[in-house]
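Student: Could we go through the terms used for this structure and set each value against its definition?

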Amino acid sequence: MREQQSGHGAEQALRDREFEAFVAGAAGRLLHAATLLTAETRAHNPYAQALLTAALAHVYAVWDRLRDEDPYDLARRELAARFARTAWRHHRGQGGGVLAALSPQERLVVVLRLSEGVAEEQVAALLGLSESRVRAVCARSVATLRAAARGAAGARGGAGAVSRPGAGAAA
């Protein structure tokens, strides 16, 4: 009986070490994705940290059953699903993050497609949208971000003028 217990303890310790190694390697990137989703800043991101903690808890709970599944992909999907379920509470980003101008769905699509490099088909399946809808949301979101960046640049430098050597009135 005691041998079984010590064998189980060794398996648990191995599982814990494997999971800790995964978290050490993936937590920074996952926190960055969560921070983008929540439109918080890197300096103040409590909602992103809570999302990440819940997603990692789920991955830990199913760690023994992962088999050939990529734990990073599972954590990313869980993070996206948890954000999607709770995003209605945070319609617009309040933290002033770079994606605060976007709706939660737009942030989710942009983060998955552009930051995480997830294929359109996978994003569509994850969110229950068509691929063409994912493309449209992504394009509209990028246009919104570009317009916001132009507006911010214009506010800083007058009428959006950029001082470059040789950039006279040669239009």
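Tutor: Leaving aside neighbours within four places in sequence, Glu 78 is in contact with Ala 55, His 58 and Arg 85, where contact means heavy atoms within 4.5 Å. This is a predicted model, in which local features need pLDDT of at least 70, side-chain atom pairs count only at pLDDT 80 or more, and totals for chains, interfaces and linings use all residues. Residues are numbered from 1 along each chain as its sequence is written, and side-chain values use heavy atoms, with hydrogens and water left out.

Student: Why is Glu 78 called buried?

Tutor: Buried means under 20% relative accessible area, against over 50% for exposed and partly exposed in between, with a 1.4 Å probe and protein chains only; Glu 78 has 12%, and therefore counts as buried.

Student: What makes α2 oblique to α3?

Tutor: The two helices, α2 and α3, pack at an angle of about 130°, with their axes 9 Å apart. Angles under 35 degrees count as roughly parallel, over 145 as roughly antiparallel, 65 to 115 as roughly perpendicular and the rest as oblique, so α2 is oblique to α3. The axes are lines fitted to C-alpha atoms over the stretch in contact, and angles run from 0 to 180 degrees between N-to-C directions. Helices themselves are DSSP runs (H or I, at least four residues), numbered from the N terminus.

Student: Which residues of α3 make the contact with α2?

Tutor: Among them are Glu 78, Leu 79 and Phe 83 of α3, which meet a set from α2 that includes Ala 55 and His 58.
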